[in-house]
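Let's take a walk through a protein model together. Keep the structure in view as you read, and look for each part when it comes up.

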Amino acid sequence: KVVVVGSINVDLSVDVVRHPMPGETLPGRDVVMGPGGKGANQAVAAARLGASVAMVGAVGDDANAAVALSQITASGLDRTHVRQAPRATGLAIVVVDADGENSIIVVPGANSLVDADAVEAAADAVRTAHVVVAQGEIPASGTIRAAELSSGRFVLNLAPVMELPVEVIHKADPLVVNEHEAGLVLAMLDRDREIPLGETHSDVALALIEAGVRSVVMTLGARGSLVVDHQSELTSVPAATVTAVDSTGAGDAFVGALVSRLAEGESLVDAARFASRVGAFACTRPGAQESYPDLDDELPALPVP
Ligand code: ADP
């Protein structure tokens, strides 16, 4: 059983020729609205792949709530612990220009209600989960409480990076971060650390373990990921080669797939190899949750070394 404690959003994506200047009105070329939020994305990805998943989160009482919950409902997730509050549903407004350059506004809305008390209200589910998953899109107090209550595996995808007590990051097993986030987390764990000349991604991943993290998965986009397991052994997991049309939510597909396999007791490296295939699959279709595979979809294979 997997419990995801995290954000639920609507993603509103608008294509423009160029980004507007302050005070300017521009025609948009296209608009797409769909369910998003890192928490919901990861929960839906895991559920589609057969995991038994419960979501702890909150939506508002506006029209966007139905959009935000659409895939959560369709994928058969347990949403007993998803609260509805008289607020706006979390909203991410993504403006993409002709060069593919993004600018994004994220309004947390109801996600800001997922604090320590809200997680406490779901204490039974969190305590008994085999895997508890959290990200950086809810208040720190909610993530801290999730870590404290979890007695199984605590997976922390610290995206975006937020300040957390060192004990919470130490409990991460694994900490899942991209290369940029990895550097920020390392700086948080060891504030006086000097960055060695020519430091590689592998150096950073291993330094996170030395700084006390139990295990690490560092995602590197089309270059795959690096895994450091409990034996401090470093493994490079390749990406699958696909024609990427939209990488929105690929990182979340990766995390959802990873936890679905960790919940079955698979090793971290094997789970990351599966997640790599799922992350690549999600790049081949537009959108976030709509792009995720289910068990009937054929996943791209990893290159043979
Ligand atoms: P984030 O979007 O969170 O920064 P990444 O870009 O590192 O995450 O992507 C997460 C994972 O998704 C990667 O480790 C990889 O397995 C997969 N992935 C992302 N982009 C591609 C791509 N263009 N081709 C194949 N796999 C990809």
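## Around the ligand

Helix 10 provides the largest share of the shell around the ligand, namely four residues. Both helix 9 (250–262) and helix 10 (268–283) contribute at least two residues to that shell. Helices here are DSSP runs of H or I with at least four residues, strands are runs of E with at least two, and both are numbered from the N terminus.

In total, 20 residues surround the ligand, and the closest are Asn-178, Thr-219, Gly-221, Gly-251 and Gly-279. To count, a residue must have its C-beta atom, placed from the backbone, within 6 Å of the molecule. What kinds of residues make up the shell around the ligand? There are 11 nonpolar, nine polar and no charged ones. In this scheme Ala, Val, Leu, Ile, Met, Phe, Trp, Tyr, Cys and Pro are nonpolar, Asp, Glu, Lys and Arg are charged, and the others, Gly among them, are polar.

## About the model

This is a predicted model, in which local features need pLDDT of at least 70 and side-chain atom pairs count only at pLDDT 80 or more, while totals for chains, interfaces and linings use all residues. Residues are numbered from 1 along each chain as its sequence is written.

## The whole chain

The chain contains 10 helices and 13 strands. Its radius of gyration is 19 Å, close to the 19 Å that the globule rule gives for 305 residues, so the chain is as compact as a globular protein of that length. The radius is taken over C-alpha atoms, and the rule is 2.2 Å times the number of residues to the power 0.38.

Buried residues make up 48% of the 305. Buried means that 20 or more other C-beta atoms, placed from the backbone, lie within 10 Å of the residue's own.

## A sheet and its helix

Now find the open sheet of four strands, with order 3-2-6-7 and mixed pairing. Strands pair if DSSP finds at least two bridges between them. At the edges are strand 3 (30–36) and strand 7 (102–107), each pairing on one side only. Strand 2 (residues 9–15) and strand 6 (residues 90–96) run parallel, joined by seven bridges. Asp-15, for example, has Val-96 in strand 6 as its bridge partner.

Helix 2 (residues 64–74) packs on this sheet and touches strand 2, strand 3 and strand 6. Contact requires C-beta atoms, placed from the backbone, within 7 Å. Among the buried residues of helix 2 are Val-67, Leu-69 and Ile-72. Just after helix 2, Gly-76 has a positive phi of about 75 degrees.

Terms used. Contact = placed C-beta atoms within 7 Å. Axes fitted to C-alpha atoms, helices over the stretch in contact; angles between N-to-C directions. Buried ≥ 20, exposed ≤ 12 C-beta atoms within 10 Å, placed from the backbone.
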